[in-house]
Amino acid sequence: MSKWLAYFTGLILSLMIYFNGQLSLVTTTYISNVVYHGIGVLFFGITLFVFGRNKSSTPFKWHYILPGVMGSLTIIINNFVMAEIGVTLMIALTMLGQVVTSLTIDRFGLLGKSVSKIHYKQWIGVGVMSMGLWIMLF
Amino acid sequence: MVLIYFLAIFIGFLVTVTPIMNGRNSLVLGTIKTSFYHYFFASVTGMILMILLSPMVTGIEFDDISLKYFMGGILGLSIIVMMNYYTVRIKAIHIAILPFLGQMTMGFFLDYLLFGNLDLKTILGMVVVLLGLFIQSSGKN
């Protein structure tokens, strides 16, 4: 079920990127970024206030900041890149970055993931993906 | 243009690491608090960047902004909840591949419907990218 959920997330993600890009065209990338995350602050702030009041609080740690910072940078860079090269090419290049990053994480057991041996076919696959990107770009 | 391509690849790093970190945080804090922290610090970062890099905010006709433009934020709410759920249950490589397949499906549709783009070179390149994905996912772990 989790894998199907991951695929479905991708469908929604493309739509989200499109709408954020449209908002950035009629305002600015920076305003669209603040609006996008402001909606989340409002929604989860209210939800936390309603449902999370009675739960014991966990001490705050500095690394809780990182995902939000990275998320904000993702939106800004996303909007900028999509305007330059279009959705499909951006997704393909982003995919290359994702695959290399995820193979590295799995190979070395980073970020709490268990170590997975990387089969040579996976690196060949990355090479073939790069060839596909070359075809798209040139 | 090469810088743009590198930025796109860097986005791949960000979108892989961010949900994994959120998933780990959600195991400790719960998904609601994790999501709140994510959006709160993202908003703060966005406002700081807006002040530093885009101080002139003029000429924007807010009456022209239809409600549909806020769909991105609304869709994002469901995405982060789904990601907080599945990122701790599947491998990092599946976190990268499966959403990509969904993005590619919708990306092709959007590119054709909205921009009329049906470039055969792009389609051929994407087929080769898919082949590469199939090869790398068929390797034994």
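Biologist: What is the area buried between chain A and chain B, and how much of it do carbon and sulfur atoms give?

Modeller: Keep in mind that this is a predicted model. The area buried between the two chains is about 9300 Å², and carbon and sulfur atoms give 79% of that.

Biologist: How many residues from each chain take part in the contact?

Modeller: Chain A brings 100 residues and chain B brings 101 residues. To be counted, a residue needs heavy atoms within 4.5 Å of the partner.

Biologist: Which elements of chain A give two or more residues to the side that touches chain B?

Modeller: They are helix H1 (2-26), helix H2 (29-51), helix H3 (66-85), helix H4 (87-108) and helix H5 (120-137) of chain A. The largest share, 21 residues, comes from H1(A). Sorted by class, that side of chain A has 60 nonpolar, 34 polar and six charged residues.

Biologist: How many salt bridges does the rule find across this interface?

Modeller: Zero salt bridges are found between chain A and chain B. The rule asks for a side-chain nitrogen of Lys or Arg within 4 Å of a carboxyl oxygen of Asp or Glu. Polar contacts are another matter: the rule finds five residue pairs across the interface, with both residues at pLDDT 80 or more.

Biologist: Now a single residue. Why is B:Thr87 called buried?

Modeller: The cut-off for buried is under 20% relative accessible area. B:Thr87 has 1%, so the residue is called buried. You will find B:Thr87 in the loop between helix H3 (71-86) and helix H4 (92-115) of chain B.

Biologist: What does B:Thr87 touch, leaving out residues up to four places away in sequence?

Modeller: B:Thr87 touches A:Lys113, B:Pro19, B:Ile20, B:Gly23 and B:Ile95.

Biologist: What makes the approach of B:Pro19 to B:Thr87 a polar contact?

Modeller: The backbone oxygen of B:Pro19 lies 3.2 Å from a polar atom of the B:Thr87 side chain. The limit is 3.5 Å for a pair of N or O atoms, one able to donate a hydrogen and the other to accept it, so this pair counts. The side chain of B:Thr87 also reaches the backbone oxygen of B:Met83, at 2.7 Å.

Biologist: And why is B:Gly30 called partly exposed?

Modeller: Partly exposed covers what is in between the buried limit of 20% and the exposed limit of 50%. B:Gly30 has a relative accessibility of 27%, so it counts as partly exposed. B:Gly30 sits in the loop between helix H1 (2-29) and helix H2 (31-53) of chain B. Along the sequence B:Gly30 and B:Asn84 are 54 residues apart, while their C-alpha atoms are 9.2 Å apart in space.

Biologist: What is the radius of gyration of chain A, and what would a compact globule of 138 residues have?

Modeller: Chain A has 18 Å, whereas a compact globule of that length would have a value near 14 Å. Its C-alpha trace spans about 50 × 45 × 30 Å along the principal axes.

Biologist: How many helices and strands are there in chain A, and how many in chain B?

Modeller: Chain A has five helices and zero strands. Chain B likewise has five helices and zero strands.

Methods:
Residues numbered from 1 in each chain as written. Chains lettered and ligands numbered in written order. Predicted model: local features only at pLDDT ≥ 70, side-chain atom pairs only at ≥ 80, totals over all residues. Heavy atoms only, no water. Buried area = accessible area lost by both parts, 1.4 Å probe. Helix = DSSP H or I, 4+ residues; strand = E, 2+ residues; numbered from the N terminus. Nonpolar A, V, L, I, M, F, W, Y, C, P; charged D, E, K, R; others polar. Rg over C-alpha atoms; globule rule 2.2 N^0.38 Å. Buried < 20%, exposed > 50% of the residue type's maximum accessible area, 1.4 Å probe, protein only.
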